[in-house]
There are 2 protein chains.
Amino acid sequence: MSNPSEDKLILPATLAEVARIAGVGSSTASRVLRDRGSFSNETRDKVLAAAAGLGYVPNRIAGSLASTGSQLVAVVVPSLSNIVFADLLTGATGALEERGIQCVIGVTDYDMQREEALIASMLAWRPAAIMVAGLEHTAPSLRMLSASGGRVAELIDIDGQGVDLVVGFSSRAAGVASAQHLLSRGYREIGYVGHDLERDKRASKRFAGFRDTLLDAGRPLRDLQFTLAASSVEVGRLGLEALLARSPRLDAVYFSNDDMAMGGYFHCLSRGIAIPRELALFGFNGLNIGAFAPQPLTTIRTPRFAIGKVGAELVISDAPAQTIDLGFELIDGATA
Amino acid sequence: MSNPSEDKLILPATLAEVARIAGVGSSTASRVLRDRGSFSNETRDKVLAAAAGLGYVPNRIAGSLASTGSQLVAVVVPSLSNIVFADLLTGATGALEERGIQCVIGVTDYDMQREEALIASMLAWRPAAIMVAGLEHTAPSLRMLSASGGRVAELIDIDGQGVDLVVGFSSRAAGVASAQHLLSRGYREIGYVGHDLERDKRASKRFAGFRDTLLDAGRPLRDLQFTLAASSVEVGRLGLEALLARSPRLDAVYFSNDDMAMGGYFHCLSRGIAIPRELALFGFNGLNIGAFAPQPLTTIRTPRFAIGKVGAELVISDAPAQTIDLGFELIDGATA
DNA sequence: TTGAAAGCGCTAACAC
DNA sequence: GTGTTAGCGCTTTCAA
């Protein structure tokens, strides 16, 4: 059944073969296949038939080299397990695939050195554009981004100076809004439970906005609990437990995000702490899990998908360099 | 301050320029830069210095065309919002980046036609290999995969026939194990809450294994509730509500995954349904959120990260075509 | 150890 | 409307 000759690598058909079979020149075949320039109907039919017959798949590597314009966009994110970046990528890939552009992705694991190395190796593919999360980068990264020759979009955070396009919302403003909400509800003994803010710059900016707002209102943060780990339900739960052990009189706690807040919520459920009467909880992100808890989590919903989509559309456009604030929405749930 | 000449597109340095500055031939520079073949120490130093001075970034497009071997691996997944595929991608990108290989990703949104189109356009980049979720593909997709000339890995599900490499676990066996667990705990009136199984083939296989096992044990599924939507906490919560409205005497419910099960869990909390005394819940995936709920969710933990990692390592190796079963782990939580 | 030369498969001028 | 011709920037023989 198995023909030995089939074991040899079957090289994919080339444009030249398509042209030969169609009985036309290769540039004509190229024009037809890309629907550019002019050709007769008859020619078109012949070329299309030949291509279909051969199962021709154009070689974009060669195409990009010849036209010095690759249909690739590089995307560099800190993590994929974090729904924030997953949603962002979903928005971006959707917008790009629509235009036949492929996404090359890199995951930095929140490591700036790794980001630098990734940017360098992505640039080797001469992407048409590059999208990267955040505004904080090493000096070499920044240099590479500016010199890349393509457009650059920095996503999610807009608190700072960007290289070209910046799409997101103000992390600091999100922290401020969260603090204002808690203050307006009359909470006074406020604590904070966070994860590794050294790596997560955006969470750190939210925290700063939150803390400063409380301070300005004369109600400084009573206590805080940091854990040097990635954010998770577990870290949030243990964090709140540790915080309350030290400061049992808190009446509200701000978490670095919804995963953390759900951990806190679970801690309260376990201990029979009444929410929000005994303790109010405030998260960040607006995850599905929080929205459908017995008491919907009070949080801030971020336009993650839109950031990816708008960023992608802009980065392949010729729009002027600019910063776009997509804002956020405070979800007034039942926990604060 | 701004020099008009800087506004012109600065073309990246080429190998030829590096060679010229180093005073060697371009093939020699190429050998040095890739550390292949032989050259003197003196030559090496000159070339490296020149490259560093110019900020030379090799053009992989040209490199791939010349060597007919791209350092790209294509990965096609149904979704990124689903943590399963995010973890899988994390495992895969980690293993590939280590070897300097980039990942081109495509998101099908569980649409087989879209998958087909994506495979076609990824193949245009002549990837060294292609990884795709699941074993079910359209006939043209299958043909393209086999004829791609590179290795193919089909991930997550191993219940069926693969093209080349298959890495994952048996979805059907997971469903069987879940049913056996519930039966062994003495549950007899068992229901099911699921999402759109038409699109999610793996959830459908789990369901089949579960249902058949109950049937064989003489305890057929009492009732089931499908929702034609993507899985989510919301769908799980509403699904359980609808199911219990029809069949209030159920003593256990199997959910199509942990997100759905968490929704069910939240429904029980809201209604004061005692878990597992009044109703047992069983999920699938082993998410962090379920593990740290007040009552840890009874579920099956899947090796998502490892599937991505092992799949990536295999797909760029010359290992023989094979199916690798990475298994799964039953998490005996507090909900069943 | 090194360099010249011939492509890789395609696109883009430019004649015809 | 179509074919010819030059590359794109690199790798890879193959001589030297």
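Let me start with a convention: helices, of at least four residues, and strands, of at least two, are DSSP runs numbered from the N terminus. With that naming, A:Arg126 lies in the loop between α6 (112–123) and β3 (129–133) of chain A. Please keep in mind throughout that this is a predicted model.

I shall stay with A:Arg126 for a moment. Its phi is near 45°, a positive value in a residue other than glycine. Most residues other than glycine have a negative phi, and most peptide bonds are trans. Is A:Arg126 buried or exposed? A:Arg126 counts as buried, because it has 22 C-beta neighbours inside 10 Å, and the cut-off for a buried residue is 20 or more.

A second residue of this kind is A:Asn285, which is not a glycine and has a positive phi of about 130°. A:Asn285 sits in the loop between β9 and α12 (288–291) of chain A. With 28 other C-beta atoms within 10 Å, A:Asn285 is buried as well.

The backbone also holds cis peptide bonds. In chain A, the bond from A:Ile275 to A:Pro276 is cis, with omega near 0°. A:Pro276 is placed in the loop between α11 (258–271) and β9 of chain A. In chain B, B:Ile275 and B:Pro276 are likewise joined by a cis peptide bond, with omega about 0°. B:Pro276 belongs to the loop between α12 and β9 (280–282) of chain B.

Let me now step back to chain A as a whole. Its secondary structure comprises 13 helices and 12 strands. Why do we call chain A more spread out than a compact globule? Its radius of gyration is 26 Å, whereas the globule rule gives 20 Å for 336 residues, so the chain is well over that value. The C-alpha trace spans about 85 × 50 × 35 Å along its principal axes. Even so, 52% of the 336 residues count as buried. Among contacts in chain A with a separation of 6 or more, 68% are between residues 24 or more positions apart.

One residue pair to look for is A:Gly191, whose bridge partner in β8(A) is A:Val253.

Next, the two protein chains. How many residues of chain B are in contact with chain A? The number is 51, and they touch 51 residues of chain A. On the chain B side, the elements that give two or more residues include α6 (83–98), β2 (102–107) and α7 (112–123) of chain B. The largest share, 7 residues, comes from α6(B). By class, this side of chain B has 30 nonpolar, 15 polar and 6 charged residues. Strand pairing also crosses between the chains: 3 bridges join strand β2 (residues 102–107) of chain A to β2(B), and the two strands run antiparallel. Here A:Ile105 has B:Cys103 as its bridge partner in β2(B).

The surface near DNA strand C divides into 11 nonpolar, 15 polar and 1 charged residues.

Around DNA strand D there are 28 residues, and A:Ser27, A:Ser38, B:Leu15, B:Ser27 and B:Ala66 come nearest. Several elements give two or more residues to that surface, among them α2 (26–34) of chain A and α3 (26–34) of chain B. Which element has the largest share of the surface near DNA strand D? That is α5(B), with 5 residues. By class, the residues near DNA strand D are 11 nonpolar, 16 polar and 1 charged.

Thank you for your attention.

Terms used: Residues are numbered from 1 along each chain as its sequence is written. Chains are lettered from A and ligands numbered from 1 in the order in which they are written. This is a predicted model: local features need pLDDT of at least 70, side-chain atom pairs count only at pLDDT 80 or more; totals for chains, interfaces and linings use all residues. A residue is near a molecule or strand if its C-beta atom, placed from the backbone, lies within 6 Å of it. Ala, Val, Leu, Ile, Met, Phe, Trp, Tyr, Cys and Pro count as nonpolar, Asp, Glu, Lys and Arg as charged, and the others, Gly among them, as polar. The radius of gyration is taken over C-alpha atoms; the globule rule is 2.2 Å times the number of residues to the power 0.38. A residue is buried if 20 or more other C-beta atoms lie within 10 Å of its own, exposed if 12 or fewer, and partly exposed in between; C-beta atoms are placed from the backbone. Two residues are in contact if their C-beta atoms, placed from the backbone, lie within 7 Å. Two strands pair if DSSP finds at least two bridges between them.
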